[in-house]
Amino acid sequence: MEGLSKSDANLIVYVHPSQSKNVDKAILRELSSLLFKYSQAFDGVVLAYSVDPQDKCARILSGVHPYFGVRLRANLLIFSPKPKMLLEGKLVKITRESIHCIVLGFSSAIITDENIRNELKYKAKHGEGAYVSRYHKRHVIKIGAVIRFEVKSLDEEILHISGSLIPANAGSVHWLCSPVMKLG
């Protein structure tokens with residue numbers, strides 16, 4: 001899946017002197033506050049990190065009293081979806097007007113009917129909706145399935161993605177990865 005990247009970052013974490021007996025815990029608390037929020041500094045959402053302190057001693061910062069700065073190197077896993085990237089998500093809701101899915105377990109995505117290619121037709125059976133291909137009856141998009149879609153936009157404030165199933169390489173991952181699809 002596109003949109004995931006690793007980043008090495010040299011950071012300075014500011015720690016209050018009251019936390020000087022447990023600096024490692026204070027650093028982890030500060031870095032944990034970055035998780036699952038959009039960060040302009042990293043141009044994405046920090047999903048995970050590992051840290052390696054650079055110095056054994058911290059520096060007291062003049063003008064930022066009473067904090068001291070701890071230099072560290074962090075390896076970050078960043079989620080940064082951009083338009084035209086392909087993402088995958090698990091379907092949680094399907095209606096005639098839209099498809100809703102969850103990406104990586106935390107970001108919601110919607111694909112509205114004008115962004116669903118004409119080949120896919122909405123059908124309801126026993127109260128459950130699904131999109132079925134007009135050309136390949138085994139290409140079915142239903143609740144619980146994993147789909148691949150193209151990113152149209154990202155709302156960084158609420159981590160909401162708008163997507164599209166218009167490209168030919170978008171649809172049910174099960175179908176896209178099947179031997180029938182590979183044959184053409």
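Me: Is Asp43 buried, partly exposed or exposed?

Reply: This is a predicted model, in which local features need pLDDT of at least 70 and side-chain atom pairs count only at pLDDT 80 or more, while totals for chains, interfaces and linings use all residues. Residues are numbered from 1 along each chain as its sequence is written, and side-chain values use heavy atoms, with hydrogens and water left out. Buried means under 20% relative accessible area, exposed means over 50%, and partly exposed lies in between, with a 1.4 Å probe and protein chains only. The relative accessibility of Asp43 is 36%, so Asp43 counts as partly exposed.

Me: With which residue does Asp43 form a salt bridge?

Reply: A salt bridge is a side-chain nitrogen of Lys or Arg within 4 Å of a carboxyl oxygen of Asp or Glu. For Asp43, the closest N and O atoms of the pair are 3.0 Å apart, and the partner is Lys82.

Me: How many residues apart are Asp43 and Lys82?

Reply: Strands (E, at least two residues) and helices (H or I, at least four) are DSSP runs, numbered from the N terminus. Asp43 is in the loop between β2 (38-39) and β3 (44-53), and Lys82 is in the loop between β5 and β6 (86-94). The pair links distant parts of the chain, and the separation is 39 residues.

Me: How many salt bridges does a search of the whole structure find?

Reply: One of them joins the side chains of Asp8 and Arg73, at 3.9 Å from N to O. Another joins the side chains of Glu88 and Arg148, at 3.0 Å from N to O. The search of the whole structure finds 4.

Me: Which strand holds Arg148, the salt-bridge partner of Glu88?

Reply: The side chains of Glu88 and Arg148 meet in a salt bridge. Glu88 lies in strand β6 and Arg148 in another strand, so the pair ties together parts that are 60 residues apart in sequence. Glu88 has 26% relative accessibility and therefore counts as partly exposed. The strand that holds Arg148 is β12 (residues 146-155).

Me: Which residues gather in a patch of positive charge on the surface?

Reply: Patches are made of residues with over 30% relative accessible area and no salt bridge; like charges are joined within 9 Å, and nonpolar side chains (Val, Leu, Ile, Met, Phe, Trp, Tyr) within 5 Å. Lys and Arg count as positive and Asp and Glu as negative, while His and the chain ends are not counted. The place of a charge is taken as NZ of Lys, CZ of Arg, CG of Asp or CD of Glu. The patch gathers Arg96, Lys121, Lys123, Lys125, Arg134 and Lys137.

Me: In which strand is Lys123?

Reply: Lys123 belongs to the patch of positive charge. Its relative accessible area is 39%, so Lys123 is partly exposed. The strand is β9 (residues 120-125).

Me: Over how many bridges do β9 and β10 pair?

Reply: Two strands pair if DSSP finds at least two bridges between them. Leu120 stands opposite Ser133 in β10, and the bridge partner of Lys121 in β10 is Val132. β9 and β10 pair in the antiparallel sense, and the number of bridges is 6.

Me: Which residue in the turn between β9 and β10 has a positive phi?

Reply: β9 and β10 form a hairpin with 2 residues between them.

Me: How many of the residues of strand β10 are buried?

Reply: β10 also pairs with strand β11 (residues 140-142), which runs antiparallel to it through 3 bridges. In this pairing Tyr131 stands opposite Ile141 in β11. Strand β10 (residues 128-133) is largely enclosed by the rest of the structure because the buried residues number 5 of the 6.

Me: What is the area of the nonpolar surface patch made by Met1, Leu4, Leu77 and Leu104?

Reply: Leu77 is in strand β5, and Leu104 is in the loop between β7 and β8 (107-112). Leu77 has 32% relative accessibility and so counts as partly exposed; Leu104 is also partly exposed, with a relative accessible area of 39%. Accessible areas come from the Shrake-Rupley method with a 1.4 Å probe, and for residues only the protein chains shown count as cover. The patch has an area of about 310 Å².
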